[in-house]
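Subject: Structure for you to look at

Hello,

Here is the structure you asked for, with the sequence. My notes on what was found in it follow below.

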Amino acid sequence: MLETTHSLASALIVSKIPSPAISFPLIIVAHYLLDLIPHWDTGGGLTSGLKSKKMAFIETLVDLAIAGILVFVFFQKNNPFSPTLWFGVLLGITPDLLQFPALFLNLRPFPFNVLEKFHNSLHKGAPSFLSGLIPQLIIILLILLFNH
């Protein structure tokens, strides 16, 4: 799942459930539930060699920039700065950030290897870019509808 999708879902959870004791665990659960939906993401193709690390890294940076801008525009703009919102967004992408050592540095020390195995067991890639992007666009539109 794109970081944009995870970030917006996390922001929605925090905005609707402001208690971190409730929203933060839900954000982690939501990350893995979203990964069950067949999707395309910037890391797809790295392990099979279909994509270079450089291209995946660039795509991820663009995805993170888009995520930050959209979270700001739809959840933060015109509101007082919310550390809870931004920590929730960071928490929502943490399972993917923890994949960095394995995907980009080929390092899989404990406990990262266990987390990677768990994450990969739930991760459902889509057969094509378009079939993996459309479900995310629908999810993003639903998130934005629920936000208002």
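**A salt bridge**

Glu-116 counts as buried, at 10% relative accessibility. Buried means under 20% relative accessible area, exposed means over 50%, and partly exposed lies in between (1.4 Å probe, protein chains only). Glu-116 forms a salt bridge with Arg-108, and their closest N and O atoms are 2.9 Å apart. Arg-108 is partly exposed, with a relative accessible area of 36%. A salt bridge here is a side-chain nitrogen of Lys or Arg within 4 Å of a carboxyl oxygen of Asp or Glu. By this rule the count comes to one salt bridge.

**How to read the values**

This is a predicted model, in which local features need pLDDT of at least 70 and side-chain atom pairs count only at pLDDT 80 or more, while totals for chains, interfaces and linings use all residues. Residues are numbered from 1 along each chain as its sequence is written, and side-chain values use heavy atoms, with hydrogens and water left out.

**Helix α7**

Helices (H or I, at least four residues) are DSSP runs, numbered from the N terminus. Helix α7 covers residues 129-147; at 1.5 Å a residue its 19 residues should span 27 Å, and its end C-alpha atoms are 27 Å apart, which agrees. The expected span is 1.5 Å times one less than the number of residues.

Which residues of α7 are buried? They are Gly-132, Leu-133, Gln-136, Ile-139, Ile-140, Ile-143, Leu-144 and Asn-147. These residues cover an arc of only 135° around the axis, so they sit on the same side of α7. The arc is taken from the directions from the helix axis to the C-beta atoms. Their cover includes α1 (3-16), α2 (20-35) and α3 (53-76).

On the other side of α7, Leu-130, Leu-141, Leu-145 and Phe-146 are exposed. For Phe-146 the relative accessible area is 55%. Phe-146 also belongs to a nonpolar surface patch with Phe-129, Leu-130, Ile-134, Ile-138, Leu-142 and Leu-145, and together they have about 730 Å² of accessible area. Patches are made of residues with over 30% relative accessible area and no salt bridge; like charges are joined within 9 Å, and nonpolar side chains (Val, Leu, Ile, Met, Phe, Trp, Tyr) within 5 Å. Accessible areas come from the Shrake-Rupley method with a 1.4 Å probe, and for residues only the protein chains shown count as cover.

**Helix α1**

α1 has 14 residues and reaches 20 Å from its first C-alpha to its last, close to the 20 Å expected at 1.5 Å a residue. Twelve of the 14 are buried, so α1 is mostly covered. The buried residues of α1 pack against α2, α3, α4 and α7, where contact means heavy atoms within 4.5 Å.

**Backbone details in the loops**

Most residues other than glycine have a negative phi, and most peptide bonds are trans. Asn-78 is not a glycine, yet has a positive phi of about 65°. Asn-78 is in the loop between α3 and α4 (83-97) and counts as exposed, at 75% relative accessibility.

Asn-106 also has a positive phi, of about 55°, although it is not a glycine. Asn-106 is in the loop between α5 and α6, and is exposed with a relative accessible area of 55%. Pro-111 lies in the loop between α5 (100-105) and α6 (112-122). A cis peptide bond joins Phe-110 and Pro-111, with omega about 0°.

Regards

Notes. Helices (H or I, at least four residues) and strands (E, at least two) are DSSP runs, numbered from the N terminus.
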